[in-house]
Each structure stands twice: as C-alpha cells, then as structure tokens.
Amino acid sequence: MPPCTGAEPLESHRPRVIVTTDGEEDDRCSMVRFLLTANDFEVEAIINSSSQFHWVGGKGWNVFHPASWVKDYIGFYSEVYNNLRLHDPNYPTPDYLLSNWKVGNISASGEDEIRTEGAEWIVKILLDDSDSRPIWVQAWGGCNTIARALKIIQEDHPSRMKEVAAKLRLFLIWEQDDSYQKYIRPNWEHVNIPTIISDQFDCMAYIWRKVLPNATKTYFEADWMKTHILTGKGPLCAAYEHKEWAFNAEGDTPAFLHAIPNGLRSVESPGWGGWGGRYVKTRNNVWMDPDPIEGWKHADGQRSIHNSWSKKLENASDPKMQAIRTQYFKPIWRWLDAVQNDFAARADWCVKDYASANHPPIVILKNTPLDLEAERGKEITLDASASSDPDRDRLTFRWWHYAEAGTYSGGELPESNAPKATITIPKDAQPGDEIHMVCEVKDVGSPPLTRYQRVVIHVKDH
Ligand SMILES: [Ca+2]
Ligand SMILES: [Ca+2]
C-alpha cells in the first residue's frame, strides 16, 4: 500500500467532472486514459452524446459507435481495478462508474429537445444544492446533451440558473454542433460560466505527427507506445486503439487533463495554462486559443473544424509558418513528455505491485505561500526542499518562470535547478503584474514522473 504521507490531495480536492462523448475512435482512446486517471477526479457522469461527426443513423464516417462501448470500457477497467487500488485507493469502483453512465442526446447532430436520461442526470447533479463545488463539464463531442440539460433547468427551475452557473465550468473540444450558438450562448453566456473552447487540443488528435516537435513525437511513436501502454498492461490498455502500434489520436484528452490536480493550478484560470493548454479571454467568460498570428481573429460564431486555426496551420510548408504552428501548440506539447510518462505509470499500475511501479513525487513548499506579494527589486526565496517521493526516488527540481501565464512583459526570469530558489523581482515590473513561477519536481523512477507547484507573485509598489 502507498505510504500515508498526509500530503496527498484530499478526496475533497479531487475535481468533479462530467464527460460527454460522441464515441469516436479517439474518444475511446481518451477513455482509456480517463479511466486510468479516475482516481484524481470525482467522476459524476459519463454520458453518450452525438456530434456533427457522429449520430445514430449516421453513415460511413458519421456512424455512431453503439453507446454500450462505455459499458465495455468500464468492464475492461473492472478487470484491472483491484490492481489499480494497490496504487491508489481513490480509484472508483466499476459499479460506481457504471451507475453514473447514461445515454444522452444522440439521435441527430445538435439535437437538444429530447429529455434523455443523460440530460436529466446532468440536471440532477447541477441542481444538487448539497454540493456547491465547481463541476467540470466536458464536451468531447457536441454540446447538445449539455444544452438539453441547461434547457431543462431554464424551463423547470429558472430561479436556479445563477446558482447552477456559479458552479458550472465548460471545456469544449471545438463546438462540435450548433447547440452552443443556438441555445447556450444566448441563454447562459451572460451568466458568466467559465468556458474554454479549445482548438489547440488538435495536436493530440490525428495530426500529431505533422505538428509536434520531434523530441515530443518520441512518446507517440510505435516503439514507445507498444512498450509503455499497449503490451503487457492488461485488458484496459489492450483495448487502446493504435495505428500500427503508434498513437492514433486522443483529441478529447485535454478536456480532462485541464482539471487534473497536478499542482499547476490550471483550474484557477484558463489563462494560467496546464496540461490541457492555455487560453485567452475572448468575450464574456469564454476563453479560446491565443492567436498564432497577430491579426487572426476568433470567429464570432461557432468555433469548429471549419474555422479551426489548427486546420489552417496543419499542412503549412513554409518554415516560417511551421515555426508559428509549433508555437501555437506549445501550451500543450510543452507538458506532453510528462503527460505520456504519467500515462505509462498508470498503465503499469494495471499489472504491477506497488513496489515494482513508480508513483509521482509530492511537491511541498515551505514558508512559500502559493500566492504572495513582493516589491520590485526585492529578493524572495521559493522553497520546495520538503518535497518527497512515495517510492523514495531521488528528485530533481526546476523552478522556472512561466512568462506567458503572467503579465510581466520584461521577458523570462532565470531558472534554478535547486530545490530552494532565490529570485529577484525585476525593477521594471509594474505594480499589479503577476509573475508565475513553476516548481517542476521530477523523480528518477521508471517511467520518470513529474508534479508541480505554481506560485503566483503579485508585484506591488514600495
Ligand atoms: Ca469526440
Ligand atoms: Ca516515484
């Protein structure tokens, strides 16, 4: 059993999540990773939904994978569940997951009229006033089942819309149908629901080989995937659909990686960045990708495959555009070596005992508040020396300045490889500036695992 350190995230710190999925082949790959990550979340629901790509009755590419695939995958999970529990008792029981699996609106693209069991289930969760914690509702497919749920609340409980909006967080992988624009936007957007509409997710989808840097691609190639995920890791990983052993696609994975409690605190603002990417506010409380080229404007209507910047950049042949493309996806790929190693460790947890597998370091700060105020020109000490590893692995440290996440415009501050770093707040920083420092702690286990702690420095005047 894992040693009790007292520093593990408490159960109540696990983000509540609802997944809606259109069951495309890459959703099924994302589901393998999601189930292996289920110890880090409170999985409130997994709901089948349609999309503009897949619906019941769709033909050819548009065919709808039978909704029961979710049940099948929970079945694979049940076969490795006892072993996963050796590594973290927070893994939910297969029965619990099964009881939270419902079928939502799947009869057509964008269909948000039928009161489906899935939509009603989302309503039940959102209206549960015994729990006011945020809930991350993810659209791996269309927004239609989410739209139907919100419509039920508006129709039946209009006085509770604000209360629901206050705990709702949306993460959309594009808008994969017109229901966000037709219903959610006019009826709910003004209530200020934090909403991410991602395009940069695409670097984890089918085009990864075209757009990821070479060093990152290693973690997606056949050699790596076959060894670390696909063979000898039990029935759940064996169900992972590959492309001649290489990674195929997991376009929807950033939707849940955004909420994973890894110390990056990305759920505190879509602009802070983390494993699910980094976003900028475009209107109301809606966040989209930072523009790759000055002057490119976010479409005012549906953000979809048809106006995707990823798709516009995908086949760039000009080296300058290729460099822009690499930068565009950096908010996600900068973490992908850690993300893939995290996946590999979880795959090991399906089959290995505790002592034979690796577990992530626990980053602990000493005399270092997560948010602190500092004057310009002042030296401050950031101390992660109390960090530990459940396997007693040696740890390496890297304190670095995540410049894009903050507002200080004078460039990157020097990084430090010591557990205890001293930094000087630049004299040219403006009062009110935010400087984001990330402590990245990596163990020497196999695979090497990384966890973080972000410290946000608020610059003040003398
Ligand atoms: Ca999908
Ligand atoms: Ca370890």
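The questions and answers below walk through one predicted model, from its overall build to single residues.

Residues are numbered from 1 along each chain as its sequence is written, and chains are lettered from A and ligands numbered from 1 in the order in which they are written. In this predicted model local features need pLDDT of at least 70, side-chain atom pairs count only at pLDDT 80 or more, and totals for chains, interfaces and linings use all residues, while side-chain values use heavy atoms, without hydrogens and water.

Q: How many helices and strands does the chain have?
A: Helices (H or I, at least four residues) and strands (E, at least two) are DSSP runs, numbered from the N terminus. Counted this way, the chain has 15 helices and 14 strands.

Q: What is the radius of gyration of the chain, given its 462 residues?
A: The radius is taken over C-alpha atoms, and the globule rule is 2.2 Å times the number of residues to the power 0.38. For 462 residues the rule gives 23 Å, and the chain comes close to that, so it is as compact as a globular protein of that length. Its radius of gyration is 22 Å.

Q: What share of the residues of the chain count as buried?
A: Buried means under 20% relative accessible area, exposed over 50%, and partly exposed in between (1.4 Å probe, protein chains only). Of the 462 residues, the buried share is 60%.

Q: Which residues coordinate the calcium ion (ligand 1)?
A: Donors are N, O and S atoms within 2.8 Å of the metal (3.2 Å for Na, K and Ca); water is not among the atoms, so sites may look incomplete. Here the donors sit at 2.3 to 2.7 Å. Their spacing in sequence is D-x4-D-x112-W-x111-D. The residues are Asp22, Asp27, Trp140 and Asp252.

Q: How many residues apart are Trp140 and Asp252?
A: Trp140 is in the loop between β4 (135-139) and α5 (144-156). Asp252 is in the loop between α11 (235-238) and α12 (253-257). Both residues are buried. The pair links distant parts of the chain, 112 residues apart.

Q: Is Arg392 buried or exposed?
A: Arg392 lies in the loop between β10 (379-383) and β11 (395-401). Its phi is positive, about 60°, although it is not a glycine. Most residues other than glycine have a negative phi. With a relative accessible area of 78%, Arg392 is exposed.

Q: What is the phi of Asn284?
A: Asn284 lies in the loop between β7 (280-283) and β8 (286-288). Its relative accessible area is 43%, so Asn284 is partly exposed. Asn284 is not a glycine, yet its phi is positive, at about 45°.

Q: What is the omega of the peptide bond from Ser446 to Pro447?
A: Pro447 lies in the loop between β13 (434-443) and β14 (450-460). Most peptide bonds are trans. The bond from Ser446 to Pro447 is cis, with omega near -10°.

Q: Which residues does Gly276 touch?
A: Gly276 lies in the loop between α12 and β7 and is buried, with a relative accessible area of 0%. Contact means heavy atoms within 4.5 Å. Not counting residues up to four places away in sequence, Gly276 touches Phe171, Pro254, Leu257, His258 and Ile332.
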